[in-house]
Amino acid sequence: MPSVTILVPIYNVAAYIAECAASLFSQSYADIEYIFCDDCSPDNSVAILSDVLTRYPHRAPHVTVLRNMENKGLGGSRLHLIQHVTTPYFIHADSDDILPPDAVATLVEAIERTGADYVEGAYTEYYRGSHSAPFRPFHGTEAAYRRRVLCQNIVGNHVWGKIYRNSVLTLVPQPFIPGIDYAEDLCFNARLAAVATRASIDNVVYHYRTDNITSYTKNISRRSVLSYVRASDTIYRFYLSRHDIPLSLEIGILNVYRECQRNTVPLSDADALLSYTPHSVITHITRCLLRSRGIAYTIGDILYRVARLLCSRF
């Protein structure tokens, strides 16, 4: 069976990395390369990783720990990691999450069987030792999946819980971008949806931790919102270069204004980063309303939600 690389960024996860590393090193699949990236973590996460590795000596020759010379954030670390992939397939894992013992074997079997460019599996949410019911991936045509990804907030945009062919890295320019640390997964997957084939399975291949109060998703700041704006602009420019601006893409970008309003980020800050221009009457009207306050914004939000629902279904 082909080799697989698991890519893991490390930053301030001393409380969780031991459990994560043990789940990675105890995978049933034999031919795995492991690449970790220490993003100048201020704690002893890397030392804990090394200690766990001593319990899995057969994995040690296949483990590489990269170190950023300065803190590059999640986008920069993912880019650093992905530049070192030499195996046919790769998998992302966050350093506070957990993989079931047969996760890699299950994903490899699925991508070999389907011939897809990437395969998405189901996941559970992991909270203080307890698991939620499985969240299963979307099953449907590639066109329907792309609409839902671009509309946003309908299907998951995570990079974990998936296996990718190495060849997808030639399809998307600069898959991860330093400075885009929040929504870096949306930035990658939304572009990939236009140029790659996807398959899905209902097997649980990932346990996503929800009790880490220091994670990106638990700490939405002005910086996070502006990272999301940059991600949205990158997606927009990618589709614009392909002369392909579907309505679903515009609806997704309209969410930029909602996020700014909800997190009290000045719209002028978003305007400085976002090159988007509405391409239809409905998106032009909705954009104007979402940039307003009071009842106008409420009407715009309703229009946005209705358009998102209709676009994702038809």
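Modeller: Let us start with the rings: Phe90, Tyr118, Tyr164, Phe176 and Phe188 make up one aromatic cluster. Rings of Phe, Tyr and Trp (for Trp, the six-membered ring) pair if their centres lie within 6.5 Å; planes under 30 degrees apart count as stacked, over 60 as edge-to-face and the rest as tilted. Before going on, please note that this is a predicted model, in which local features need pLDDT of at least 70 and side-chain atom pairs count only at pLDDT 80 or more, while totals for chains, interfaces and linings use all residues. Residues are numbered from 1 along each chain as its sequence is written, and side-chain values use heavy atoms, with hydrogens and water left out.

The pairing rule gives 14 aromatic pairs. One of them joins Tyr118 and Tyr164, whose ring centres are 5.5 Å apart with planes at 15 degrees, so this pair is stacked. Tyr118 belongs to strand E5 and Tyr164 to strand E7, so the pair links distant parts of the chain, 46 residues apart. Tyr118 is buried, at 0% relative accessibility, and Tyr164 is buried too, with a relative accessible area of 0%. Here buried means under 20% relative accessible area, exposed over 50% and partly exposed in between (1.4 Å probe, protein chains only).

Another stacked aromatic pair is Trp160 with Tyr206, at 4.6 Å centre to centre and 10 degrees between the planes. Trp160 lies in the loop between helix H5 (142-151) and E7, and Tyr206 in strand E8, so this pair ties together parts 46 residues apart in sequence. Both Trp160 and Tyr206 are buried.

Now for the strand itself. Helices (H or I, at least four residues) and strands (E, at least two) are DSSP runs, numbered from the N terminus. E5 covers residues 118-127 and is mostly covered, with 8 of its 10 residues buried. Two strands pair if DSSP finds at least two bridges between them. With E7 (residues 162-165), E5 pairs in the antiparallel sense over 3 bridges, and Glu120 stands opposite Lys162 there. E5 runs parallel to E8 (residues 198-209), joined by 8 bridges, and in E8 it is Ser200 that stands opposite Glu120.

E5 also runs antiparallel to E6 (residues 130-131), with 2 bridges; Tyr126 stands opposite His131 in E6. The hairpin of E5 and E6 has 2 residues between the strands, and in this hairpin Arg128 takes a positive phi near 50 degrees.
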